[in-house]
Amino acid sequence: MSNDIDISLTHDEALVLFEMMSRFSDTDKLSIEHQSEKRALWNLCCLLEEKMLEPFTENYEELLNEARERLKD
């Protein structure tokens, strides 16, 4: 299994998610300020769900914890 996952966002999704993540980067607060942000996150979750097997495995929690450890600063 490859470590890379390719997903495709619409330009609108990318723009809305960029603004939301930039705001989080600036304020360290993650919040939904417009319904479009919620929709873009839902769409992203659906795209990831289509590409990933791990959320449906018995050892999902273990895999998640390992991934979290690898991504920590």
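This is a predicted model: local features need pLDDT of at least 70, side-chain atom pairs count only at pLDDT 80 or more; totals for chains, interfaces and linings use all residues.
Local features were taken at pLDDT of at least 70 and side-chain atom pairs at pLDDT 80 or more, whereas totals for chains, interfaces and linings use all residues. Residues are numbered from 1 along each chain as its sequence is written, and side-chain values use heavy atoms, with hydrogens and water left out.

Two packed helices are described by the angle between their axes and the distance between the axes. Helix α1 spans residues 11-27 and helix α2 residues 35-51; helices are DSSP runs of H or I with at least four residues, numbered from the N terminus. The two helices pack at an angle of about 110 degrees, and their axes are 9 Å apart. Axes here are lines fitted to C-alpha atoms over the stretch in contact, and angles run from 0 to 180 degrees between N-to-C directions. Helices α1 and α2 are therefore roughly perpendicular to each other, a class that covers angles of 65 to 115 degrees. On the α1 side the contact (heavy atoms within 4.5 Å) is made by Glu-13, Val-16, Leu-17, Met-20 and Arg-23. On the α2 side the contributing residues are Ser-36, Glu-37, Ala-40, Leu-41, Asn-43 and Leu-44. By class, this contact comprises six nonpolar, two polar and three charged residues. Ala, Val, Leu, Ile, Met, Phe, Trp, Tyr, Cys and Pro count as nonpolar, Asp, Glu, Lys and Arg as charged, and the others, Gly among them, as polar.

Arg-23, in helix α1, is buried at a relative accessible area of 13%. Buried denotes under 20% relative accessible area, exposed over 50%, and partly exposed the range in between, with a 1.4 Å probe and protein chains only. With neighbours within four places in sequence left aside, Arg-23 is in contact with Asp-28, Ser-31, Glu-33 and Glu-37. Asp-28 is located in the loop between α1 and α2 and is exposed, at 62% relative accessibility. Most residues other than glycine have a negative phi. Asp-28, although not a glycine, has a positive phi of about 60 degrees.

Ser-36 belongs to helix α2 and is partly exposed, with 25% relative accessibility. The side chain of Ser-36 makes a polar contact with that of His-34 at 2.8 Å. A polar contact is a pair of N or O atoms within 3.5 Å; within protein, one must be able to donate a hydrogen and the other to accept it, and residues adjacent in sequence count only if both atoms are side-chain atoms. Ser-36 and Lys-72 are 36 residues apart in sequence, and their C-alpha atoms are 29 Å apart in space. Leu-48, also placed in helix α2, is partly exposed at 32%. Its C-alpha atom is separated by 9.1 Å from that of Asp-6, 42 residues apart along the chain.

The disulfide count is zero, where a disulfide is a pair of cysteine sulfur atoms within 2.5 Å. For Cys-45, the closest cysteine sulfur is that of Cys-46, at 6.0 Å, which is too far for a bond. Cys-45 is partly exposed at 46% relative accessible area, and Cys-46 is partly exposed at 44%.

How values were computed: Angles under 35 degrees count as roughly parallel, over 145 as roughly antiparallel, 65 to 115 as roughly perpendicular and the rest as oblique.
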